[in-house]
Amino acid sequence: SPDKPCPQPRWHALRWRGSRSSNRSRINRSVRSLFLVITLGLSDRAGRRVVLHEVDDANWRAVADIAPLDEQRRYVPALAARYVLLSSREGIWHSMAVCADDTVVGHIMWGRDDDGSHWLGGMVIDGPEQGNGVGRAAVRTLMEWLAQREDCRELRLSYHPDNTVAAKLYASLGFQPTAALSGDEVVASLSVLDGHPKHLNSPSP
């Protein structure tokens, strides 16, 4: 009802604290013009290398135009532009462009909560690019990079309970549902052990 306060968006629960990245990472990370690039060497089913690029002046328009399938719009925004704007305005989440070779095919973001947990969120893969293993490769890449940050002990994410595709993907990567909720979404978590996500499945798509 109009008198009832709107549910607080889950990204407001995060309170950013920066930290130095571990030097022991086996992930190839580079900074080009101060922008982060992360790759785990994974490819999609078409053989394209999946890489995460920080959103910058060169790619933000392509990222903002990313759109899910029509039936997925009950779970994610109609365009990734909402996530890009959220990251740029609030400084809590950090948007990354998901690229297959040199083509922007999706969006994913990360943030650190005030309890030390690191969150993954805002994953949107462009409708025509779905089914190629891009989403799985992007999540795995971000998981490994976050896990090797020196203060990371747990990874978390959330998804709508009716989103069975997302639930299956995250479960296959080791995330377990918790009793916690973020709005109407299930919160799932994964422990980090020795700089790696615990029980991470190793086969690539």
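What percentage of the 205 residues of the protein chain count as buried? After that, which residues of helix H2 are buried, and what do they pack against?

Modeller: First, the percentage: 51% of the 205 residues of the protein chain are buried. Here buried means under 20% relative accessible area, exposed means over 50%, and partly exposed lies in between (1.4 Å probe, protein chains only).

Some ground rules come next. This is a predicted model, where local features need pLDDT of at least 70, side-chain atom pairs count only at pLDDT 80 or more, and totals for chains, interfaces and linings use all residues. Residues are numbered from 1 along each chain as its sequence is written, and side-chain values use heavy atoms, with hydrogens and water left out.

How far can you trust it? The protein chain has an average pLDDT of 83, where pLDDT is the predictor's confidence in each residue, from 0 to 100. At least 70 is reached by 79% of the residues. Residues 1-33 stay under 50. For them the model has 62 contacts beyond four places in sequence; a contact means heavy atoms within 4.5 Å. Residues 201-205 are also below 50, with 13 contacts beyond near neighbours in sequence. Where pLDDT is low, the predicted coordinates should not be read in detail.

Now the layout. The protein chain holds four helices and 10 strands. These are DSSP runs numbered from the N terminus: helices are H or I with at least four residues, strands are E with at least two. Along the sequence the pattern reads β-β-β-α-α-β-β-β-α-β-α-β-β-β. Take the contacts between residues at least 6 apart in sequence: 62% of them join residues at least 24 apart.

Helix H2 is your part. It spans residues 81-90. Its buried residues are Tyr83, Val84, Leu86 and Ser87. Seen down the axis of H2, they fall within an arc of 160°, so they line one face of the helix. The arc is that of the directions from the helix axis to the C-beta atoms. An α-helix has 3.6 residues a turn, so residues three or four places apart point the same way.

The face away from its buried side carries the exposed residues Leu85, Ser88 and Arg89.

What does the buried side meet? Its residues pack against helix H1 (60-64) and three strands: E4 (94-100), E5 and E6 (118-125). Just after H2, Gly91 has a positive phi of about 70°.

Follow the chain to the loop between E4 and E5. Asp101 sits there. Asp101 is not a glycine, yet it has a positive phi of about 55°. Asp101 is partly exposed, at 40% relative accessible area.

E5 covers residues 103-112 and includes Trp110. The rings of Phe, Tyr and Trp (its six-membered ring) pair if their centres lie within 6.5 Å; planes under 30 degrees apart count as stacked, over 60 as edge-to-face and the rest as tilted. Three aromatic pairs turn up by this rule. One of them joins Trp110 and Trp145, edge-to-face, at 5.2 Å centre to centre with 75° between the planes. Trp145 belongs to helix H3 (residues 134-147), 35 residues from Trp110, and the pair links distant parts of the chain. Both Trp110 and Trp145 are buried.

Tyr159 and Tyr170 make another pair. Their ring centres are 5.9 Å apart and their planes stand at 40°, so this pair is tilted. Tyr159 lies in strand E7 (residues 154-159) and Tyr170 in helix H4 (residues 164-172), so the pair ties together parts 11 residues apart in sequence. Tyr159 is buried at 10% relative accessible area. Tyr170 is buried too, at 11%. Together with Phe175, Tyr159 and Tyr170 form one aromatic cluster.

Pro161 lies in the loop between E7 and H4. Pro161 is partly exposed, at 44% relative accessible area. Leaving out residues up to four places away in sequence, Pro161 touches Asp184, Glu185 and Val186. Between Pro161 and Tyr75 there are 9.8 Å, C-alpha to C-alpha, although they are 86 residues apart in sequence.

Last, the cysteines. A disulfide is a pair of cysteine sulfur atoms within 2.5 Å, and the count here is zero. Cys99 is buried at 5% relative accessibility. Cys152 is buried at 1%.
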